[in-house]
Amino acid sequence: MSNAITVTEDSFQSDVLESDIPVLVDFWAAWCGPCRMVAPVLDEIAAEQEGKLRVAKVNVDENPNLVAQFRITSIPAMKVFKNGEEVRELIGAMPKQMIEQHLEGII
């Protein structure tokens with residue numbers, strides 16, 4: 001079972017921008033091989049950082065307005081939001097240690 005929450009265009013404001021803790025948003029698609037590779041890594045991070053970091057997943061095929069709003073041109077793309085602002089962007093599948101390095105100073 002995934003520790004990440006599924007976010008849609010309707011819930012993005014409340015789930016991500018109004019969150020009281022930082023949120024790592026994973027923009028992904030079912031047909032994307034690298035997205036499937038990074039998914040278990042993000043689930044692990046979500047479990048380990050529970051209460052300090054929320055991991056949210058946005059399906060790019062089902063949420064085209066969010067894709068346009070955040071200028072997603074390649075996936076997997078991860079954006080980190082804190083206090084309603086985008087504070088970091090990670091592009092491409094990467095190992096857990098690298099993702100954690102990008103999160104240092106945020107959580």
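## Salt bridges in the predicted model

The structure holds 6 salt bridges, a salt bridge being a side-chain nitrogen of Lys or Arg within 4 Å of a carboxyl oxygen of Asp or Glu. This is a predicted model, in which local features need pLDDT of at least 70 and side-chain atom pairs count only at pLDDT 80 or more, while totals for chains, interfaces and linings use all residues. Residues are numbered from 1 along each chain as its sequence is written, and side-chain values use heavy atoms, with hydrogens and water left out.

| Salt bridge | Closest N and O atoms |
|---|---|
| Lys-57 with Asp-26 | 2.7 Å |
| Glu-48 with Lys-96 | 2.6 Å |

Lys-57 forms its salt bridge with Asp-26. This pair links distant parts of the chain, 31 residues apart: Lys-57 sits in strand E3 (residues 54-59) and Asp-26 in strand E2 (residues 23-28). Helices (H or I, at least four residues) and strands (E, at least two) are DSSP runs, numbered from the N terminus. Lys-57 and Asp-26 are both buried; buried means under 20% relative accessible area, exposed over 50%, and partly exposed in between (1.4 Å probe, protein chains only).

Glu-48 pairs with Lys-96. Glu-48 belongs to helix H2 (residues 33-48) and Lys-96 to helix H4 (residues 96-103), so the pair ties together parts that are 48 residues apart in sequence. Glu-48 is partly exposed, at a relative accessible area of 43%. A network of salt bridges links Glu-44, Glu-48, Lys-96 and Glu-100.
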